[in-house]
Amino acid sequence: MEYKTCEVVDGKAVATLSNGKVIEAQYALVCVGRRPNLDNSGVEDIGIEMERGKVVVNEHLETNVEGIYAIGDIIDTPFLAHVASKEGIVAVENALGKTKVVDYRAIPRCVYTEPEVAGVGKTEKQLEAEGVEYNVGQFDFRGLGKAQAIGHFQGFVKVIADKETDKIIGAAVVGPHATDLLTELSLAVHLGLTVEQVGDAIHPHPSLSEGLMEALHDVHGECVHSVPKL
């Protein structure tokens with residue numbers, strides 16, 4: 001779903017979505033993106049290859065000039081601090097003789113709003129475009145005792161698994177501490193774990209992490225604590 005228009009009406013931000021739904025809010029946060037600033041940096045003077053204003057690197061983060069590595073916002077990878085941090089570690093290790101690579105399949109995507117929004121791996125839209133068959137499990141925070149106890153029960157956990165292999169290939173969490181909870185599912189994507197492997201793990205009660213377990217169980221229709229949809 002995308003927004004179609006956004007305008008100020010009677011002092012309010014009014015956005016019309018592509019499905020025709022209209023949302024009114026006090027404020028609208030406009031994100032215009034950013035680009036690398038390599039002006040007068042001298043990278044091209046020493047023969048480093050550039051493409052669309054970014055430094056070109058191989059899978060080991062090395063440029064076409066041997067011994068020179070690049071990371072973060074000046075290369076064509078997601079503009080995220082935790083990605084740049086990992087790239088920095090990998091680049092240093094490779095400069096010291098290793099052949100490490102960054103697993104870009106398992107990058108956590110985090111939005112620090114209220115409620116928090118987090119995701120990792122493939123989305124349903126991407127998988128449909130790629131023709132990949134998948135299964136989905138979902139669980140609402142309303143069904144968690146911990147969420148009820150802390151008074152933050154809006155949100156859900158969604159898990160996407162490859163239909164053939166049962167490996168977890170995508171996930172999303174919306175709700176309290178979503179960006180923290182996502183780590184377990186990011187690890188699952190990174191290690192190529194299956195729904196059964198992660199779902200078999202005992203999760204503490206009461207806790208928000210139970211929502212992950214319930215969503216994993218729901219992938220195969222085995223969730224015993226599902227709540228009616230509103």
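Leaving aside neighbours within four places in sequence, Ser-186 is in contact with Ala-106, Pro-108 and Val-120, where contact means heavy atoms within 4.5 Å. This residue, Ser-186, lies in helix H4, and it counts as buried because its relative accessibility is 8%. Here, buried stands for under 20% relative accessible area, exposed for over 50%, and partly exposed for what falls in between (1.4 Å probe, protein chains only). Helices (H or I, at least four residues) and strands (E, at least two) are DSSP runs, numbered from the N terminus.

The model is predicted, so local features need pLDDT of at least 70 and side-chain atom pairs count only at pLDDT 80 or more, whereas totals for chains, interfaces and linings use all residues. Residues are numbered from 1 along each chain as its sequence is written, and side-chain values use heavy atoms, with hydrogens and water left out.

Turning to the whole chain, the protein holds six helices and ten strands, and its C-alpha trace spans about 65 × 55 × 35 Å along the principal axes. Of its 230 residues, 35% count as buried. Among contacts with a separation of 6 or more, 47% come from residues 24 or more positions apart.

The protein is divided into domain 1 (1–32), domain 2 (34–104) and domain 3 (108–219), with bounds from an automatic or database domain assignment. The centres of domain 1 and domain 3, taken over C-alpha atoms, are separated by 28 Å.

Eight of its ten residues are buried, so H6 is largely enclosed by the rest of the structure. The buried residues of H6 are Glu-210, Gly-211, Leu-212, Met-213, Glu-214, Ala-215, Leu-216 and Val-219. After H6 comes Gly-221, with a positive phi near 70°. In the loop between H5 and H6 sits Pro-206, and the peptide bond from His-205 to Pro-206 is cis, with omega near -5°.

Other backbone features can be set beside these. Most residues other than glycine have a negative phi, and most peptide bonds are trans. A cis peptide bond also runs from Glu-114 to Pro-115, with omega near 5°; Pro-115 belongs to the loop between strand E6 (109–111) and strand E7 (116–121). Arg-52, a residue other than glycine, has a positive phi near 50°. Its place is in the loop between strand E4 (50–51) and strand E5 (54–55), and with a relative accessible area of 68%, Arg-52 is exposed. His-177 likewise has a positive phi, near 60°, and lies in the loop between E10 and H4. At a relative accessible area of 45%, His-177 is partly exposed.
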